[in-house]
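Colleague: I am new to this structure. Could you walk me through how to read it?

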Amino acid sequence: MVSVKVGDTVPTGKFATVYYVPELADHSACGAPTKLSTDAWKGKKVVIFAVPGAFTPSCHSNHLPPYLAKYDELKAKGVDVVAVLSNNDPFVLSGWTRVQNVGDKIIALTDIDTAWSKALGLSVDLSGLGIGLGVRTTRYAIIINDLKVEYIGVEEDPTQVTVSGVDAVLAAL
């Protein structure tokens with residue numbers, strides 16, 4: 001059940017990422033994971049869209065690509081950081097964003113043990129699908145300004161991209 005609402009301060013979260021560097025472009029290197037926390041977003045406007053899994057149908061085709069295509073529109077509306085969040089490991093997320101030609105525009109964050117999404121009430125148990133997905137981040141988008149929630153769009157059906165899509169986020173900015 002969603003426990004975060006507009007006006008709330010986000011809980012402290014810790015994430016792993018492999019920041020993009022040009023040496024990763026030819027896919028011959030994996031990069032080194034580093035950690036960051038929500039503390040890095042103090043005083044910043046941040047858009048995060050969360051996906052149940054990299055390389056999964058809706059995430060790969062309908063969620064990440066429109067954010068990349070409209071990245072400049074997000075920046076023009078004062079967004080400092082655009083990030084995609086999933087509980088996939090940082091190597092998988094790095095590979096996925098490289099396949100999608102994201103470069104350094106969108107940061108791919110691993111929600112370690114799905115802890116931050118769970119704290120927000122935004123995890124989903126996909127164990128029943130029988131394909132090894134387990135507990136994941138559900139599909140959502142959140143706008144954070146100086147660590148305060150300004151928008152939260154949670155998909156009722158995590159296979160769909162509507163209120164968590166870039167057009168909904170742009171309309172809310």
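## Reading the model

Colleague: Where is the place of Pro-33?

Modeller: Pro-33 sits in the loop between S1 and strand S2 (34-37). Helices (H or I, at least four residues) and strands (E, at least two) are DSSP runs, numbered from the N terminus. Before going on, note that this is a predicted model, where local features need pLDDT of at least 70, side-chain atom pairs count only at pLDDT 80 or more, and totals for chains, interfaces and linings use all residues. Residues are numbered from 1 along each chain as its sequence is written, and side-chain values use heavy atoms, with hydrogens and water left out.

Colleague: Does Pro-33 count as buried, partly exposed or exposed, and what does Pro-33 touch?

Modeller: Buried means under 20% relative accessible area, exposed over 50%, and partly exposed in between (1.4 Å probe, protein chains only). Pro-33 counts as partly exposed, because its relative accessibility is 40%. Contact means heavy atoms within 4.5 Å. Setting aside residues up to four places away in sequence, Pro-33 touches Thr-17, Val-18, Pro-90 and Phe-91. The C-alpha atoms of Pro-33 and Ser-94 are separated by 9.3 Å, and these residues are 61 residues apart along the chain.

Colleague: How do the elements run from the N terminus on?

Modeller: The order is β-β-β-α-α-β-α-β-α-β-β-β-β-α. That gives five helices and nine strands. Of the 173 residues of the protein chain, 49% count as buried. Among contacts between residues at least 6 apart in sequence, 66% join residues at least 24 apart.

Colleague: Which residues have the most contacts inside the largest nonpolar core?

Modeller: In soluble globular proteins, nonpolar side chains tend to be buried together. A nonpolar core is a set of buried Ala, Val, Leu, Ile, Met, Phe, Trp, Tyr and Cys residues joined through side-chain atoms within 4.5 Å. The largest one here has 23 residues. Those with the most contacts inside it are Phe-49, Tyr-67, Leu-74, Val-82, Val-84, Ile-106 and Val-169. Elements that give two or more residues to this core include strand S3 (45-50), helix H1 (57-69), strand S4 (81-86) and helix H5 (166-172). A second, separate core of 21 residues includes Leu-36, Ala-50, Leu-122 and Ile-144.

Colleague: What is Leu-74 in contact with, leaving aside neighbours within four places in sequence?

Modeller: Leu-74 is in contact with Tyr-67, Val-79, Val-82, Val-166, Val-169, Leu-170 and Leu-173.

Colleague: Which elements make the right-handed β-α-β unit?

Modeller: A crossover is right-handed if, with the strands pointing away from the viewer, the path from the first strand over the helix to the second runs clockwise. Here the unit is made by S4, H3 and S5. H3 is mostly covered, with seven of its 10 residues buried. Among them are Leu-93 and Trp-96. At the start of H3, a side-chain oxygen of Asp-89 reaches to within 2.8 Å of the backbone nitrogen of Phe-91. Asn-101 follows H3 and has a positive phi, near 60°.

Colleague: In which sense does S4 pair with S5, parallel or antiparallel?

Modeller: Two strands pair if DSSP finds at least two bridges between them. S4 and S5 pair in the parallel sense over four bridges. Ser-86 stands opposite Thr-110 in S5. Ala-16 also stands opposite Thr-110. Strand S1 (residues 14-17) is joined to S5 by two bridges, and these strands run antiparallel. In strand S5 (residues 107-111), four of the five residues are buried.

Colleague: How many bridges does S8 form with S3, and with S9?

Modeller: S3 and S8 pair in the antiparallel sense over six bridges. S8 and strand S9 (residues 148-154) also pair in the antiparallel sense over six bridges. Follow Asn-145: this residue is the bridge partner of Lys-45, and in S9 its partner is Lys-148. S8 and S9 form a hairpin with two residues between them, and Asp-146 in the turn has a positive phi of about 55°. S8 is mostly covered, with five of its six residues buried.

Colleague: Why does Ser-117 count as buried?

Modeller: Ser-117 counts as buried because its relative accessible area is 0%. Its place is in helix H4 (residues 115-120). A polar contact is a pair of N or O atoms within 3.5 Å; within protein, one must be able to donate a hydrogen and the other to accept it, and residues adjacent in sequence count only if both atoms are side-chain atoms.
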